Amino acid sequence: MSSLRQGLSVAVCTLLASGAPPAARAAVTPWEVDTSYLSYQEANDRVTVSKTLANLTRSSDTGAVTVGLVHDTMSGASPTGAIRSSDSVATYTSASGSSGFSAGNGGDYSLSTFDDTRIQAGLDIERELSRRTTLSYGGAVSNESDYESMGVNVGLARETGDRLTTFESGLAFTTDTIYRSASGDTPEPMSNMQQQRPYSEGKRNTVDALLGVSRVLNRQTVAQLNLSVGVSRGYHSDPYKIISAADDDDRILANFHDSRPDARLRTSLYGKLVHQLQNSEHSLHLSYRLYQDDWAIQSHTADLRYRHQLGKRHYLEPHVRLYRQSKAEFYQRKLAVDEGLNPIMPDDGFASADYRLDAMTSSTLGLKYGLKVTPDIDLRLRAEFLDQNFSTAEYSRNSALILQSSVKVRF
Amino acid sequence: MSNFTGWIAHTSSASYSRFGRTVVLIMATSLTACSTAGDILSFSDVRPWERGTLARDDMQLVNDALEQSVDDHIYFSKEASTGGSSVQGGGCGCN
């Protein structure tokens with residue numbers, strides 16, 4: 001009798017827990033607002049970003065509607081791909097979100113300064129079609145001084161009869177418009193910067209598809225496996241990135257605009273485990289992603305979060321993320337020159353010195369503190385340190401401090 | 001702020017690896033003490049009334065959507081790989 005009472009008690013608590021179906025939660029607190037402020041600061045006066053986010057969700061008996069807003073202010077300096085040199089003769093026309101390009105010092109054009117603002121708005125709708133089937137769809141628009149993006153997505157999730165397994169599918173379409181903020185155009189790929197011909201703005205369309213399955217393994221563990229494919233066509237070059245042609249002593253003879261293939265096929269396999277440690281309230285989130293694309297980039301990403309409950313109301317969550325990627329097949333630190341000091345141009349016309357396409361390792365260490373101020377107000381504070389090391393890029397290291405504070409209120 | 005991160009970038013190697021070792025040690029100890037790979041990967045039939053733990057916020061596959069969207073954006077901007085956990089995204093001319 002005692003065990004029956006205990007079983008019923010657990011069942012009732014389960015229904016009333018915060019993870020209960022939207023209908024159960026909606027009756028009590030149909031509205032939820034989650035706001036956040038984030039500061040991203042790279043070392044050595046590189047990129048600084050201040051990000052403000054807000055998600056407003058209204059839950060009902062049959063689903064939920066979420067409106068999301070993001071505001072970013074970005075400034076600082078970013079590597080152009082050019083080799084650091086004090087006797088460069090190159091001239092530059094513009095930089096992201098800036099009316100002009102400013103050299104670092106003494107004719108060194110390896111860094112470009114920029115100052116920009118980005119606004120993003122999104123709408124996501126989730127609808128229960130039946131007790132076991134959920135449809136979700138939404139869209140987002142993003143705008144900054146040199147980039148416009150619009151995207152729509154749709155997803156379907158269906159649980160099995162025992163509700164232990166959920167199959168998911170998703171499809172998204174994104175269209176991007178890319179141009180230089182000062183001139184509204186893009187440079188001719190692989191053209192000499194001193195003899196450049198402007199092209200019209202760049203367009204790129206992307207279709208992403210995902211198939212996934214999640215499964216309750218036992219009372220304390222959930223597992224997820226996703227396979228996703230993304231195909232993009234159109235302008236993939238970066239209108240601000242350049243690549244230097246230089247001799248063996250790194251003396252720059254000319255600079256050329258970034259040039260990348262006009263299509264990309266990405267695939268990734270993603271797995272995740274969520275587990276509550278035995279005889280405790282501490283939990284573990286462990287994920288791994290294998291990524292590969294037809295630019296010859298392959299990457300491995302491992303992510304581990306451990307939530308340590310300090311009591312009923314607050315917790316600490318250390319976080320480790322490790323990432324490694326190979327370089328794109330057309331990535332080069334510089335274009336070599338022949339005996340006559342003429343640049344050796346790539347046979348296929350593609351070359352980029354963008355540090356993000358170089359082979360790299362990246363690691364993140366972080367710590368989050370969460371506090372339930374009241375049953376309906378959650379506070380989260382986190383600090384993360386990102387450290388990136390590049391194989392051959394002109395700037396071989398990048399590190400950043402990320403600070404974020406978030407408040408979620410249900411009413 | 002930039003001075004602070006600059007200081008971290010130049011002096012953190014030793015403390016960074018120390019901190020990393022500490023975090024890994026904490027996680028490994030917790031795993032050893034409280035759970036095993038067998039616990040995690042054992043399959044069992046879970047009845048509806050046995051799902052109290054699984055209903056907790058921290059046991060959801062995405063337990064902080066705002067944080068995940070921020071992280072996706074940061075790593076999309078700084079690495080060549082993207083995607084995997086969802087198909088929702090937003091382009092940017094990030095540097």
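Visitor: What makes β18(A) and β19(A) count as a pair?

Guide: At least two bridges are needed, and strand β18 (residues 360–374) has 14 with strand β19 (residues 377–390) of chain A. Therefore they pair, and they do it in the antiparallel sense. They form a hairpin with 2 residues between them.

Visitor: Which strand does β17 of chain A join?

Guide: Strand β17 (residues 314–325) runs antiparallel to β18(A), with 12 bridges between them. Here, A:R321 has A:T364 in β18(A) as its bridge partner. Overall, chain A has 20 strands and 2 helices.

Visitor: What makes β1(A) and β2(A) a pair, by the bridge count?

Guide: The cut-off is at least two bridges, and strand β1 (residues 31–42) of chain A is joined to β2(A) by 11, so the two pair. They run antiparallel, and A:V33 stands opposite A:L56 in β2(A). These strands form a hairpin with 5 residues between them, and A:N44 in the turn has a positive phi of about 60°.

Visitor: How many residues lie between β2(A) and β3(A) in their hairpin?

Guide: There are 2 residues between them. β2(A) pairs with strand β3 (residues 63–79) in the antiparallel sense over 13 bridges, with A:T52 opposite A:H71 in β3(A).

Visitor: Which side chains of β2(A) point to the buried face?

Guide: The side chains alternate along strand β2 (residues 48–60) of chain A. A:V49, A:K51, A:L53, A:N55, A:T57 and A:S59 point to one face and are buried.

Visitor: Why is A:N279 called exposed?

Guide: A:N279 has 9, so it counts as exposed. You'll find A:N279 in the loop between β14 (263–276) and β15 (283–293) of chain A. Its phi is positive, about 55°, although A:N279 is not a glycine.

Visitor: Over in chain B, is B:D64 buried or exposed, and how do you know that?

Guide: Buried takes 20 or more neighbours. B:D64 has 24 inside 10 Å, so it counts as buried, though it is found in the loop between α2 (37–41) and α3 (65–78) of chain B.

Visitor: Where is confidence lowest in chain B?

Guide: In helix α1 (residues 2–34), with a mean pLDDT of 51, while α3(B) has the highest at 93. Over residues 1–16 of chain B the pLDDT is below 50, and this stretch has 21 contacts in the model beyond near neighbours in sequence. Where pLDDT is low, the predicted coordinates should not be read in detail. For chain B, the mean pLDDT is 71, and 57% of its residues reach 70 or more.

How values were computed: Residues numbered from 1 in each chain as written. Chains lettered and ligands numbered in written order. Predicted model: local features only at pLDDT ≥ 70, side-chain atom pairs only at ≥ 80, totals over all residues. Helix = DSSP H or I, 4+ residues; strand = E, 2+ residues; numbered from the N terminus. Buried ≥ 20, exposed ≤ 12 C-beta atoms within 10 Å, placed from the backbone. pLDDT = per-residue confidence, 0-100. Contact = placed C-beta atoms within 7 Å.
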